[in-house]
Structure formats: structure tokens, C-alpha cells
Amino acid sequence: MGTLPVFRWHLAPDGYATRRQLRARGLRPGGQGVAAQLERPRRRRGPLVAYLYRIDLAKPVRPMTPGRWAALAAANTARRICPTCRRDAGYVIPASLGTCVPCAYPDPHGSEGST
């Protein structure tokens, strides 16, 4: 296997796309390997690299099945449950906190606040 063709940023020829560009068209790489790469030079660091795939070899995105929808809904629900108080926070709990905001920052004055 030879080396990959390397193109400068914004200068890739037609027929190539990144994963995000494929997804925007309703496609996926479909098992094909990386066909080329884009490089954007940066000062004092290595270049930014984006991998390109051939559009003609891409396959349609697989449709969501009822089982996949159910699994996705269960996963999103689990992200809303506080591990400390076991209540639904009403939002996705930030990984930086690890718990809901009331558990992470308890009110030292009680629920009434200062009078």
C-alpha cells in the first residue's frame, strides 16, 4: 500500500469528502479505507489533518430501527438521572460536575435562602 495523497486545506479535488460531509449527504464510509488527507499548516505545531473518503464508494446511512430508537432514548434518560439523589434533573448532567447542580452546590442557608 502506497502513501496517501495529501492536499492543502480547501484544495481537495471533487469526489472526496470528510466523514461529516458524507453524513450531511446521508452517506457513510461503508468500510472503505482513508483515500486521502487534507493538511492545514499551523505555526509551532504539527498540521491539522482531516481524512477524506471517496464519495463514489460511500454507502447510505443505515436507518434507525425501533430498537435503536429505544436504546438511544434509554441512554439519554440515564444521562439525566443524578447518581446522588436519583432524581431526573431535567437536563443532561454535566460530566464536570458528575451530579445535578443542587447536589453539587448545596444551599448552605437551606431552601428559603437569606431573609
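## Pocket, sheet and cysteines in a predicted model

The largest pocket is lined by Trp 9, His 10, Ala 12, Pro 13, Asp 14, Tyr 16, Ala 17, Thr 18, Gln 21, Leu 38, Ala 50 and Leu 52. The model is predicted. The space in this pocket is about 190 Å³. Its lining divides into eight nonpolar residues, three polar and one charged. Two strands, S2 (16-17) and S5 (45-54), each supply at least two residues of that lining.

As a general point, strands of a sheet pair through backbone hydrogen bonds, in either the parallel or the antiparallel sense.

Both senses occur here. S1 and strand S4 (residues 36-42) run parallel and are joined by three bridges. S4 and S5 are antiparallel, with six bridges between them. S4 and S5 also form a hairpin with two residues between the strands. In that hairpin, Arg 44 takes a positive phi near 60°.

Phe 7 has Leu 38 as its bridge partner in S4. Leu 38 also belongs to the lining of the largest pocket. Arg 8 stands opposite Glu 39 in S4. On the S5 side, Gln 37 stands opposite Tyr 51.

Arg 40 is found in strand S4 too. Its relative accessibility is 41%, so Arg 40 counts as partly exposed. From Arg 40 to Ala 17 the separation is 23 residues in sequence and 16 Å in space, C-alpha to C-alpha. Ala 17 is one of the residues lining the largest pocket.

Which residues form an aromatic pair? The count comes to one such pair. Phe 7 and Tyr 16 form it, with 5.9 Å centre to centre and 50° between the planes. The pair is tilted. Stacked would need planes under 30 degrees apart, and edge-to-face over 60. Tyr 16 is partly exposed, with a relative accessible area of 25%. Tyr 16 is also among the residues that line the largest pocket.

How many disulfides does a search of the whole structure find? The search finds zero. Cys 82 is in no disulfide, and the nearest cysteine sulfur, that of Cys 100, is 3.6 Å away. Cys 100 is in no disulfide either; the nearest cysteine sulfur to Cys 100 is that of Cys 103, 3.5 Å away. Cys 82 is buried, with a relative accessible area of 0%. Cys 100 is buried as well, at 5%.

The accessibility values are set out below.

| Residue | Relative accessible area | Class |
|---|---|---|
| Tyr 16 | 25% | partly exposed |
| Arg 40 | 41% | partly exposed |
| Cys 82 | 0% | buried |
| Cys 100 | 5% | buried |

Definitions and conventions:
Residues are numbered from 1 along each chain as its sequence is written. This is a predicted model: local features need pLDDT of at least 70, side-chain atom pairs count only at pLDDT 80 or more; totals for chains, interfaces and linings use all residues. Side-chain values use heavy atoms; hydrogens and water are left out. Rings of Phe, Tyr and Trp (its six-membered ring) pair if their centres lie within 6.5 Å; planes under 30 degrees apart count as stacked, over 60 as edge-to-face and the rest as tilted. Buried means under 20% relative accessible area, exposed over 50%, partly exposed in between (1.4 Å probe, protein chains only). A disulfide is a pair of cysteine sulfur atoms within 2.5 Å. On a 1 Å grid over the protein atoms alone, a cavity is a set of points where a 1.4 Å probe fits but cannot get out, and a pocket is an open set with protein on both sides within 12 Å along at least five of seven lines; lining residues have an atom within 4 Å of a point. Grid points are joined across faces, edges and corners, and a volume is the space filled by probe spheres set on the points. Helices (H or I, at least four residues) and strands (E, at least two) are DSSP runs, numbered from the N terminus. Ala, Val, Leu, Ile, Met, Phe, Trp, Tyr, Cys and Pro count as nonpolar, Asp, Glu, Lys and Arg as charged, and the others, Gly among them, as polar. Two strands pair if DSSP finds at least two bridges between them.
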